[in-house]
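This report describes one protein chain, beginning with a single residue and ending with the chain as a whole. Please keep the sequence and the structure in view while reading.

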Amino acid sequence: IYGLKESADSEPLLFIGKTEGKIVPPRGKAKFGWDACFEENISGLTYAQMDVETKNACSQRGKAFRSFLKYFQSTERHP
């Protein structure tokens, strides 16, 4: 989840990413927290088994950040 509050009076905006998967016995070299134990559904790999680009493409953090970036760069927000 990423959050943005554009002014002191504005409501916070939340950008949420979601990745389907399951908890499995550790596989791969743990680089961060639970990476070795979370298996993403589509690839069947744990985050620890993925290269950085693949992990960022499918992770909840990557999805939330891309949603935030899309909003931040939108023409509606910056005419």
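A residue counts as buried when its relative accessible area is under 20%, as exposed when it is over 50%, and as partly exposed in between. The structure shown is a predicted model, and the values below are computed from it.

**A residue in a loop**

Is Lys18 buried or exposed? Its relative accessibility is 62%, which is over the 50% cut-off, so Lys18 counts as exposed. Lys18 belongs to the loop that runs between β2 (13-15) and β3 (21-23). Its side chain makes a polar contact of 3.4 Å with the side chain of Glu20. If neighbours within four places in sequence are left aside, Lys18 is in contact with Gln60 and Lys63. Another position, Ile42, is 24 residues from Lys18 in sequence, and the C-alpha atoms of the two are 13 Å apart in space.

Gln60 is a residue of helix α2. Its relative accessible area is 18%, and because this is under 20%, Gln60 counts as buried. Which residues does Gln60 touch, leaving aside its neighbours within four places in sequence? They are Gly17, Lys18, Thr19, Trp34 and Tyr47. With Tyr47 there is also a polar contact between the side chains, at 3.1 Å.

Helix α2 covers residues 60-73, which makes 14 residues. The buried residues of α2 are Gln60, Gly62, Ala64 and Phe68. Among the elements that cover these buried residues are β1 (2-4), β2 and α1 (52-58).

**Aromatic rings**

The structure holds 9 aromatic pairs. One of them joins Phe68 and Phe72; this pair is stacked, with 5.8 Å from centre to centre and 25° between the planes. Why are these two residues about one helical turn apart? They are 4 residues apart in helix α2, and that separation is about one turn. An α-helix has 3.6 residues a turn, so residues three or four places apart point the same way. Phe68 is buried at 17% relative accessible area, whereas Phe72 is partly exposed at 36%. Ring pairs also link Phe68 and Phe72 into a cluster with Tyr2, Phe15, Phe65 and Tyr71.

| Residue | Relative accessibility | Class |
|---|---|---|
| Lys18 | 62% | exposed |
| Gln60 | 18% | buried |
| Phe68 | 17% | buried |
| Phe72 | 36% | partly exposed |

**The chain as a whole**

The protein chain has 2 helices and 4 strands, and along the sequence they follow the pattern β-β-β-β-α-α. Of its 79 residues, 29% count as buried. The C-alpha trace spans about 45 × 20 × 20 Å along its principal axes. The radius of gyration is 16 Å, while a compact globule of 79 residues would have one near 12 Å. Among contacts between residues at least 6 apart in sequence, 25% join residues at least 24 apart.

How confident is the prediction, and where is confidence lowest? The chain averages a pLDDT of 91, and 94% of the residues score at least 70. Confidence is lowest in β1, with a mean of 89, and highest in β3, at 97.

Definitions and conventions. Residues numbered from 1 in each chain as written. Predicted model: local features only at pLDDT ≥ 70, side-chain atom pairs only at ≥ 80, totals over all residues. Heavy atoms only, no water. Buried < 20%, exposed > 50% of the residue type's maximum accessible area, 1.4 Å probe, protein only. Contact = heavy atoms within 4.5 Å. Polar contact = N/O pair within 3.5 Å; in protein donor to acceptor, adjacent residues only side chain to side chain. Expected span 1.5 Å × (residues − 1). Phe/Tyr/Trp six-rings, centres within 6.5 Å; stacked < 30°, edge-to-face > 60°. pLDDT = per-residue confidence, 0-100. Rg over C-alpha atoms; globule rule 2.2 N^0.38 Å.
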